[in-house]
Amino acid sequence: MQKGKINITAENIFPIIKKFLYSDHEIFLREMISNAVDATQKLKTLQSAGDFKGEIKDSTIRIKLDKKKKTLTFSDHGVGMTADEIKKYINQIAFSSAEEFLEKYKDKANAIIGHFGLGFYSAFMVSKKVEIHTQSYKPNTKAVLWSCDGSPEFELDEKPKKDVGTDVILYIDSESKDFLEENKINELLRKYSRYLPIPIAFGKEKDWKDGKEVVTKKDNIINITTPAWTKKPSDLKDEDYKEFYRDLYPMQEEPLFYIHLNVDYPFNLTGILYFPRLKNQVEVQKNKIRLYSNQVFVTDSVEGIVPEFLTLLHGVLDSPDIPLNVSRSFLQSDGNVKKISSHINKKVADRLNDIFKKDRKEFEKKWDDLKLFIVYGMISDEKFYERAAKFAFLKNTDGQFFTFDEYQNLIKENQTDKNKSLIYLYANNQDEQHAYIEAAKLKGYDVLLMDGHLDTHLISHLEQKFTNSRFVRVDADIVDKLIQKEDAAEAAFTGEQQNILSGLFKGALVNKEGFDVVFENLSESERPLLITQSEFSRRMKDMSALGGGMDFYGSLPDSFNLVVNANHPLINKLLADSEKAMSKELKSHKEKLESLEGHKTELEKAKEGKKEEEIKQEEKDKLSDVQKKIDKIEMKSKEMLEKSGKENTMVCQLIDLALLSNNMLKGENLAKFVKRSIDTI
Ligand code: ADP
């Protein structure tokens with residue numbers, strides 16, 4: 001029996017390993033199994049190179065859980081270790097033989113997992129004692145048992161072993177008893193070992209006999225040694241891809257498409273990416289891609305490895321060329337990673353373009369599910385935009401699909417304004433904006449439906465891409481002004497009449513500061529009052545709501561236009577009635593104002609041509625006095641009109657109906673409207 005000290009510099013390395021080396025204790029399982037897979041593959045490599053003459057009867061790696069003894073045992077039929085090798089590889093932490101081996105068998109051994117530096121010692125994260133019982137494949141060597149209780153002292157002794165290979169026995173410590181649960185181990189095996197290339201058995205298969213569960217003699221194999229991505233695409237059918245998807249994500253809806261990646265130059269990459277059905281939840285969908293290195297699970301957070309928008313895809317990537325044990329910032333600047341990234345980007349776009357070209361109807365059918373992904377790609381990745389601009393769709397409110405070019409041709413004729421800008425009309429809520437959509441369609445315009453999660457961003461993006469083009473929401477203005485073809489028509493009503501109506505309507509508006517009253521010559525059949533919100537102010541608010549860094553606009557109050565239809569009989573009646581009812585006051589105000597304005601003009605004339613210092617104080621005082629009187633009368637007139645408007649049932653009804661049409665009449669005001677309506681019946 002030999003005793004010795006593990007060759008390490010720090011006395012207490014184990015507590016350090018336990019606490020800091022891996023934050024996730026569960027990865028010990030990956031490390032133990034990876035070592036076993038390595039050893040098994042090494043022996044196969046040696047055999048095919050003629051350096052091992054024996055036969056390999058059984059290469060299955062077995063994991064045995066013994067709840068009574070509180071042990072977890074990993075057994076392989078790999079190369080095993082001699083006493084010297086144990087001393088060299090196990091006792092000298094951080095000295096990894098994988099490198100040495102790779103150097104010798106460079107060409108054949110690239111399937112060996114050698115990425116995990118201090119791997120073996122992760123066993124101590126969960127164990128109070130670890131034993132290695134191993135028989136080397138080398139002729140004339142003796143089997144040995146190595147044992148270590150977590151202190152730097154170890155024991156090494158000869159102990160016969162039947163087969164070539166290694167048993168690693170972990171005596172699980174009391175803090176880690178989770179790992180003595182069958183379910184827990186099953187869960188971890190599924191996560192880390194599901195697609196390893198060597199068969200792995202966890203205990204034996206169970207069966208039901210006479211209503212009782214019995215353990216059979218058959219190994220319970222937990223992995224698929226040749227998962228779909230390692231096969232040739234020509235050997236796989238559609239159903240195979242779907243089946244593999246179900247194996248990856250048992251609870252997910254069927255994917256829309258897949259892409260099989262298979263690159264061996266200038267880097268090594270295989271994998272299958274799936275397009276999931278994306279609803280409007282970007283965050284939930286992210287981080288489903290799993291990264292493998294020669295079928296060993298590495299991570300399921302691939303940000304930095306693939307372009308941001310591609311993290312919405314599902315599936316697996318497998319590359320021995322991606323450096324695994326390095327920081328994310330390093331990954332992002334790694335040349336191989338960048339190449340892989342742009343390769344995937346291109347492949348994804350090519351695949352979508354293929355489907356679009358081959359089966360447009362199918363592509364249209366799937367568009368709503370794909371859209372979020374494609375739009376995300378277009379606004380976040382320039383290269384992808386260029387590729388996707390050929391096959392991305394715009395969908396109109398009639399459910400028809402157009403490519404960007406097709407749509408431009410469709411609207412060119414009819415939707416170019418007097419400044420030669422092409423106006424893309426859109427709605428973001430088909431129900432709420434129904435009346436506006438219909439009005440635009442009646443004019444022969446086409447209206448897009450932009451109701452997606454990212455459409456506000458897409459619109460700004462497209463405006464930068466499309467020359468001389470603007471997007472305008474259908475309710476941004478009255479239909480005649482959405483796309484201005486010639487200069488605005490004559491103003492409706494005289495200034496005085498406009499003043500009266502403005503006053504009346506403002507009086508009945510709860511939030512009068514939020515509204516500008518404007519007058520338009522609409523058709524008689526149009527509504528008497530309409531509410532619009534300018535594209536600019538609405539969009540700035542939308543952007544700031546989405547966190548576009550425009551808080552200034554976000555803090556502005558909403559501002560709307562109250563559009564008065566000057567041709568509507570009700571408006572004309574209202575004007576006539578009001579003029580009549582207030583004729584005396586209006587007349588007197590008018591006369592007073594006229595005389596004051598006359599006086600003001602005279603005073604201003606007298607000032608003309610004089611320098612500031614030449615004007616007498618007396619003159620200045622007179623002018624300001626006249627102005628004050630004018631303001632006072634105007635104020636009085638305004639107050640009178642607003643009061644009258646507020647008390648006028650028709651004015652209130654008209655305003656409320658306009659608010660109601662825009663889904664803006666709520667709460668107490670809605671209740672008042674209902675009551676007033678009932679009262680008038
Ligand atoms: P790495 O796997 O990165 O080399 P480890 O600490 O996991 O680092 O293992 C150290 C060395 O111990 C391995 O390189 C290998 O030579 C040897 N080893 C570990 N487990 C086994 C095993 N099951 N069979 C044979 N050799 C093993």
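Predicted model: local features only at pLDDT ≥ 70, side-chain atom pairs only at ≥ 80, totals over all residues.

Q: Where does Arg194 lie in the chain?

A: Arg194 is in the loop between helix 5 (182-193) and strand 8 (200-209).

Q: Is Arg194 buried or exposed?

A: Arg194 has a relative accessible area of 16%, which is under the 20% limit, so the residue counts as buried.

Q: Which residues is Arg194 in contact with, leaving aside its neighbours within four places in sequence?

A: With those neighbours set aside, Arg194 is in contact with Leu189, Ile222, Asn223, Ile224 and Asp247.

Q: Let me step back to the whole chain. How many helices and strands does it have?

A: The protein chain has 23 helices and 22 strands. It comprises 681 residues, of which 47% count as buried.

Q: Among contacts between residues at least 6 apart in sequence, what share joins residues at least 24 apart?

A: The share is 70%.

Q: In which sense do strand 11 and strand 14 pair?

A: Strand 11 (residues 269-275) pairs with strand 14 (residues 314-318) in the antiparallel sense, over 5 bridges. Within this pair, Thr270 stands opposite Asp318 of strand 14.

Q: Staying with helix 9, is its residue Asn345 buried or exposed?

A: Asn345, which has its place in helix 9, is buried, with a relative accessible area of 4%. Beyond its neighbours within four places in sequence, Asn345 is in contact with Pro307, Phe309, Leu310, Asp381, Lys383, Phe384 and Arg387.

Q: What about the open sheet of 3 strands: which order does it have?

A: Its order is 20-22-21, with mixed pairing. Strand 20 (515-520) and strand 21 (529-532) are the edge strands, each pairing on one side only.

Q: How many bridges join strand 20 to strand 22?

A: There are 6 bridges, and strand 20 and strand 22 (residues 560-565) run parallel. One of the residue pairings is that of Phe515 with its bridge partner Phe560 in strand 22.

Q: Now helix packing. At what angle do helix 19 and helix 20 pack?

A: Helix 19 (residues 569-581) and helix 20 (residues 583-607) pack at about 75°, with their axes 5 Å apart. The two helices are therefore roughly perpendicular to each other.

Q: Which residues make that contact?

A: Helix 19 contributes Ser578, Glu579, Lys580 and Ala581, and helix 20 contributes Ser583, Glu585 and Leu586. By class, the residues of this contact divide into 2 nonpolar, 2 polar and 3 charged.

Q: One last topic, backbone angles. What is the phi of Asp210, and where does the residue lie?

A: Asp210 has a positive phi of about 50° although it is not a glycine. Asp210 lies in the loop between strand 8 and strand 9 (212-221). With a relative accessible area of 78%, Asp210 is exposed.

Q: And what is the phi of Asn663?

A: Asn663 has a positive phi of about 60°, and this residue is not a glycine either. Asn663 is found in the loop between helix 22 (649-661) and helix 23 (667-680). Its relative accessible area is 37%, so Asn663 is partly exposed.

Methods
Residues numbered from 1 in each chain as written. Heavy atoms only, no water. Axes fitted to C-alpha atoms, helices over the stretch in contact; angles between N-to-C directions. Helix = DSSP H or I, 4+ residues; strand = E, 2+ residues; numbered from the N terminus. Parallel < 35°, antiparallel > 145°, perpendicular 65-115°, else oblique. Contact = heavy atoms within 4.5 Å. Nonpolar A, V, L, I, M, F, W, Y, C, P; charged D, E, K, R; others polar. Pairing = 2+ DSSP bridges. Buried < 20%, exposed > 50% of the residue type's maximum accessible area, 1.4 Å probe, protein only.
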